[in-house]
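Subject: Structure handover

Dear colleague,

Please find the structure below, with the sequence.

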Amino acid sequence: MKRSGGCLCGAIRYVTNGALRPVVACHCVQCRKSSGNYVTATSVARDQIEITGDPVWYASSGTARRGFCGACGSSLFWDGAGQNISIHAGSMDGETGLTLKGHIFCADKGDYYEIADGLPCAAQADPNLTTKVE
């Protein structure tokens, strides 16, 4: 199933051609700082996404980088080790057919909100949530 998305100004667009992982909310400090809140993201196999335009990549750690639009600042991607690249769910066009499956790095969440949806909450990373593609 093809899905598309992009940044606010349209300078960067992407199309996915494969299965997407359910959406996971990340509450880590880096996600909160880079987005202004927690991040919700899905992921797709690297060979199943086509990106047009030139995202700016920021090495946010020794193991991951974040992709955003240099013109409008939209946060779009998280790219770490592994076979998939994460896509910020809010950057997708229209209906996604995806559902939120859980939360990671809950120990780092902001003190200004509660996680009350009853979904699984991991204190740190959780490969059971972040690597599952349905």
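Strands here are DSSP runs of E with at least two residues, numbered from the N terminus. The model is predicted, so local features need pLDDT of at least 70 and side-chain atom pairs count only at pLDDT 80 or more, while totals for chains, interfaces and linings use all residues. Residues are numbered from 1 along each chain as its sequence is written, and side-chain values use heavy atoms, with hydrogens and water left out.

Ser43 and strand 4

Ser43 lies in strand 4, which spans residues 39-45. Ser43 belongs to the buried class because its relative accessible area is 1%. The side chain of Ser43 makes a polar contact of 3.0 Å with the side chain of Asn84. A polar contact is a pair of N or O atoms within 3.5 Å; within protein, one must be able to donate a hydrogen and the other to accept it, and residues adjacent in sequence count only if both atoms are side-chain atoms. Leaving aside residues up to four places away in sequence, Ser43 touches Ala19, Leu20, Arg21, Asn84, Ile85, Ser86 and Ile87; contact means heavy atoms within 4.5 Å.

The two sheets

Two strands pair if DSSP finds at least two bridges between them. Strand 4 runs antiparallel to strand 3 (residues 23-26), to which 3 bridges join it, and Val24 has Ala41 of strand 4 as its bridge partner. Strand 4 is also antiparallel to strand 9 (residues 84-88), here over 5 bridges; Val44 is bridged to Ile85 in strand 9.

These strands belong to an open sheet of 7 strands with mixed pairing, in the order 6-7-8-9-4-3-10. Strand 6 (56-59) and strand 10 (100-104) are the edges; each has a single partner strand, so one side of each is left without a neighbour in the sheet. Neighbouring strands of this sheet are turned by 30° against each other on average, direction ignored. For such angles, axes are lines fitted to C-alpha atoms, for helices over the stretch in contact, and angles run from 0 to 180 degrees between N-to-C directions.

An open sheet of 3 strands has the order 1-2-5 and antiparallel pairing. Its edges are strand 1 (3-6) and strand 5 (49-52), each with a single partner strand, so one side of each has no neighbour in the sheet. The twist in this sheet averages 15° from one strand to the next. Strand 1 pairs with strand 2 (residues 13-16) over 4 bridges, and Arg3 has Thr16 of strand 2 as its bridge partner.

Cysteines

How many disulfides are there? The count is 0, a disulfide being a pair of cysteine sulfur atoms within 2.5 Å. The closest cysteine sulfur to that of Cys26 is in Cys28, 3.6 Å away, which is too far for a bond. Cys106 is in no disulfide either, and the nearest cysteine sulfur, that of Cys121, is 3.9 Å away. Cys26 counts as buried because its relative accessibility is 10%, and Cys106 is buried with a relative accessible area of 15%.

Regards

How values were computed:
Buried means under 20% relative accessible area, exposed over 50%, partly exposed in between (1.4 Å probe, protein chains only).
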